[in-house]
Amino acid sequence: MKIATLEPCLNCGACCASYRVSFYWAEADANGIADSMVEALTPVYSCLRGTNHSSPHCQALVGEVGKAVKCSMYEQRPSPCREVLAGDDKCQKARARHGLPALPTKTVTDSDKLAA
């Protein structure tokens, strides 16, 4: 897998406006995610509010995609959010979907994976 540095995420946000963020329901409680940010999908799975649409846009995303953005619940974000890394395949597809240029990539190290 290849990634770039994480700084591009601060002016991107494309992944937050491209994918449904679904996870095991108990992860919301374990991470301290507010009930107002969670939507039930099934008895077992939940998703972040705003991501279960044909044009997803997480309600935690603050700012304009491709300009300046931040996650209003970054420290509490669930595992699917932590798994997308700047420059990986999901990132590049999301950037393309929003008309943003591809990021240069570098090799992922174990410390990069742990930091995510």
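Reader: So how much space lies in the largest pocket?
Author: About 800 Å³ in this predicted model. A pocket here is an open set of points on a 1 Å grid over the protein atoms alone, with a 1.4 Å probe and protein on both sides within 12 Å along at least five of seven lines. The volume is the space filled by probe spheres set on the points, which are joined across faces, edges and corners.

Reader: Which residues lie nearest its centre?
Author: Cys9, Cys15, Cys16, Cys81 and Val84, out of 37 lining residues. Lining residues have an atom within 4 Å of a point.

Reader: And what's the lining like by class?
Author: There are 27 nonpolar, two polar and eight charged residues. Nonpolar covers Ala, Val, Leu, Ile, Met, Phe, Trp, Tyr, Cys and Pro; Asp, Glu, Lys and Arg are charged, and the others, Gly among them, are polar.

Reader: Which helices and strands each supply at least two residues of that lining?
Author: Strand S6 (69–71), helix H2 (79–83) and helix H3 (89–97). These are DSSP runs numbered from the N terminus: helices are H or I with at least four residues, strands E with at least two.

Reader: What sits in the loop between S6 and H2?
Author: Tyr74 is there, with Arg77 over its face at 3.8 Å from the ring centre. That call needs NZ of Lys or CZ of Arg within 6 Å of the ring centre and within 35 degrees of the ring normal.

Reader: How accessible is Tyr74?
Author: Tyr74 has 43% relative accessibility, so it counts as partly exposed. With a 1.4 Å probe and protein chains only, buried is under 20%, exposed over 50%, and partly exposed in between.

Reader: New topic: how many aromatic pairs does the search find?
Author: One in the whole structure. It's Tyr24 with Trp25, tilted because their planes are at 50 degrees, with ring centres 5.7 Å apart. Rings of Phe, Tyr and Trp (its six-membered ring) pair with centres within 6.5 Å; under 30 degrees is stacked, over 60 edge-to-face, the rest tilted.

Notes. Residues are numbered from 1 along each chain as its sequence is written. This is a predicted model: local features need pLDDT of at least 70, side-chain atom pairs count only at pLDDT 80 or more; totals for chains, interfaces and linings use all residues. Side-chain values use heavy atoms; hydrogens and water are left out.
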